[in-house]
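Dear colleague,

I am passing on a structure that you have not worked with before, and below it I have set out what was found. Please read the notes with the structure open beside them.

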Amino acid sequence: MIPLFDLTGQYKIIEKEIVSVIKKVLNKGQYILGDEVKNFEKEFAKYLNIKYSVGLASGTDALKIALKSLGLSPEDEVILPANVYPTAFGVREAGVKIKLVDVNLDTYNLDLNLLEKTITEKTKAVIIVHLYGQPADLDSILSIAKKYNLFVIEDCAQAHGAEYKGKKVGTFGDVGCFSFYPTKPLGAYGDGGMIVTNNKRIFEKTLALRMYGEKKRYQSVTFGYNSRIDEIQAAILRIKLKYLNRWNKERRKKAILYKKELKKIREIKVPLEIKHSEGVYHLFVIRAKKRNDLKRYLEKKGIITGIHYPLPIHLVESFRYLGYKNGDFPVSEKLSAEVLSLPLYAEINSEKIKYVTEEIKSFYEEKT
Ligand SMILES: Cc1ncc(COP(=O)(O)O)c(C=O)c1O
């Protein structure tokens with residue numbers, strides 16, 4: 001069987017180091033906001049080349065707290081792409097008005113013309129999602145944001161280490177938000193998240209918001225949350241951070257092999273990397289004709305694939321309240337029906353990739 005991700009395979013490679021740091025934390029007895037978190041925050045900020053970072057409980061919390069740290073009110077509008085299911089929840093929790101914008105069919109990222117048309121006087125922020133680990137067109141979005149005086153939040157939950165013009169994503173906007181959900185390019189063995197910024201005011205607000213809104217211990221000055229990454233996860237992430245560049249490079253190499261092997265299949269579109277960008281391929285997402293049949297066929301051959309995501313936000317039951325309807329975001333709707341994530345992880349070998357691509361070829365040959 002070829003899984004979509006192989007977390008245990010990767011764990012086996014680093015098992016000794018991981019077990020040793022977990023024991024260290026357990027023996028020390030400080031499990032919340034200790035040296036591991038402090039050091040991980042420092043090391044991750046250094047890796048990105050940014051001033052401040054705050055470890056949080058999840059990527060969803062990072063988005064919520066990022067928006068809260070900007071002081072947005074319930075009437076303020078925040079724009080996000082219509083196809084990024086997991087992003088929407090943190091934005092909703094921040095209590096702002098969600099405005100969706102359709103995406104470009106080739107990049108799966110914000111359609112720039114539509115973005116500009118959606119901006120009103122109430123729009124205060126735009127969320128850039130570096131979806132599947134591919135940097136969005138930062139120059140264009142940042143210049144639109146500047147023109148309309150919008151805050152920029154980068155959702156980097158899938159893009160740890162991805163670069164645009166030689167600079168890591170998460171460092172372009174006002175705030176960068178990361179998730180350390182286990183399957184992510186940098187994944188914990190539980191939940192975790194982080195906010196990064198060069199803005200001291202946002203940093204200080206975030207620090208307070210992650211701990212009851214406290215200025216000092218037991219001096220809560222604003223309504224805050226309880227959202228902390230724990231010491232064990234931080235210790236694990238410090239180990240895994242040392243491997244991140246190597247793993248990202250391996251996934252890129254395998255993605256290039258996929259592209260080469262799939263190039264000739266007319267029924268398939270492979271992911272595009274925009275100019276000046278170096279993606280980290282959190283996922284290798286193709287667009288495929290007869291997607292559901294293909295998925296079932298591959299499963300019978302022992303190949304597990306994923307769909308990220310089966311519905312655009314406006315058609316998800318819990319977001320019906322936004323008032324959008326079927327047909328409002330046609331590209332996102334089309335993508336939901338066509339996207340398929342193929343197995344990709346640093347340790348997958350070329351033989352397995354060739355097996356996957358041969359089976360995809362066989363499927364379309366049988367169909368025609
Ligand atoms: C693009 C994106 N944004 C936000 C999130 C939310 O992160 P978390 O699962 O850590 O809350 C995820 C993770 O699923 C994601 O992929």
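**Domains, their contact and the sheet**

The protein is divided into domain 1, which covers 7-101 + 109-241, and domain 2, which covers 244-367. Please keep in mind throughout that this is a predicted model. The centres of the two domains, taken over C-alpha atoms, are separated by 25 Å, and the contact between them draws 26 residues from domain 1 and 31 residues from domain 2. On the side of domain 1 that touches domain 2, the elements giving two or more residues are the helices α1 (7-28), α4 (85-93) and α8 (231-241), together with the strands β3 and β6 (163-164). Sorted by class, that side of domain 1 has 13 nonpolar, 8 polar and 5 charged residues.

Turning to the strands, there is an open sheet of 7 strands with mixed pairing, in which the order reads β1-β9-β8-β5-β4-β2-β3. Its edges are formed by β1 (52-56) and β3 (97-101), each of which pairs on one side only, and from one strand to the next the twist averages 20°. Within this sheet, β2 (residues 77-81) and β4 (residues 123-129) run parallel and are joined by 3 bridges; Ile79 stands opposite Val126 in β4.

Definitions and conventions:
Residues are numbered from 1 along each chain as its sequence is written. This is a predicted model: local features need pLDDT of at least 70, side-chain atom pairs count only at pLDDT 80 or more; totals for chains, interfaces and linings use all residues. Two strands pair if DSSP finds at least two bridges between them. Helices (H or I, at least four residues) and strands (E, at least two) are DSSP runs, numbered from the N terminus. Axes are lines fitted to C-alpha atoms, for helices over the stretch in contact, and angles run from 0 to 180 degrees between N-to-C directions. Domain bounds come from an automatic or database domain assignment. Two residues are in contact if their C-beta atoms, placed from the backbone, lie within 7 Å. Ala, Val, Leu, Ile, Met, Phe, Trp, Tyr, Cys and Pro count as nonpolar, Asp, Glu, Lys and Arg as charged, and the others, Gly among them, as polar.
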